Amino acid sequence: VSHDLRNPLNVLAGSIELAAETGDPDHLARAEQAIDRMNALVDDLLELARSDKVEPEVAVTALAAVVGRSWEMVPTDDATLTITSDHRIRADPMMLEQLVENVLRNAVIHGGESVSITVSDIDGGFAIEDDGPGIPTEDRDRVFDPGYSTDADGTGFGLSIVREITDAQGWELALTERPEGGARYEITGVGVVEE
């Protein structure tokens, strides 16, 4: 819970600080988005706590829009994001946003301050990749274990949550490497809506 709420809290605090320093009300709009995100997370977590299993609420969702919202909730330093997706997919929008946010956050934390991240369409789903150092082959299964982290300040739950969300949606998750180096997450088995 703290892992998923910390990001929007950091965005909220930073946005309020910038608004106070600059007087620019645009920073307050970003703060409001962070509050909305936290409220939605709290609602979902309460629902999860009240039941043994939460079924995804599937809707047709524009992947690019979800990625854009997720990016706004991640402290990005000098990282850059490129979205080349035009997929509309069947997914639980809140779960999808949480999945993307966790992968993006992981890329920024482990890929370096100026990491470049790309989200693109692939056959039957989408890929999120970065140009950071990548993940050694021997660690690729372990990174999805709850509590496993190579970051001293990390909780080790971010990628575990990604695995749980893909499983809940009936998707497949594969962690590979870009040909040029860097991590590549492939999510397949996704219901892509044909135009």
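1. Threonine 166 is buried, at 0% relative accessibility (buried is under 20% relative accessible area, exposed over 50%, partly exposed in between, with a 1.4 Å probe and protein chains only). Bear in mind that this is a predicted model, where local features need pLDDT of at least 70, side-chain atom pairs count only at pLDDT 80 or more, and totals for chains, interfaces and linings use all residues. Residues are numbered from 1 along each chain as its sequence is written, and side-chain values use heavy atoms, with hydrogens and water left out.

2. Where does threonine 166 sit? It's in helix 5 (helices are DSSP runs of H or I with at least four residues, strands are E runs of at least two, both numbered from the N terminus). Leaving out residues up to four places away in sequence, threonine 166 touches Leu99, Trp171, Leu173 and Ile187 (contact means heavy atoms within 4.5 Å).

3. Searching the whole structure turns up one aromatic pair (rings of Phe, Tyr and Trp, the last by its six-membered ring, with centres within 6.5 Å; planes under 30 degrees apart are stacked, over 60 edge-to-face, the rest tilted). Phenylalanine 126 and tryptophan 171 make up this edge-to-face pair, at 6.4 Å centre to centre and 85 degrees between the planes. The partners are 45 residues apart: phenylalanine 126 in strand 5 (residues 125-130), tryptophan 171 in the loop between helix 5 (158-169) and strand 6 (172-177).

4. Phenylalanine 126 is buried at 0% relative accessibility, and tryptophan 171 is buried too, with a relative accessible area of 4%.

5. Threonine 76 lies in the loop between helix 3 (63-72) and strand 2 (80-83). At 18% relative accessibility, threonine 76 counts as buried. Not counting residues up to four places away in sequence, threonine 76 touches Trp71, Val108 and Glu113.
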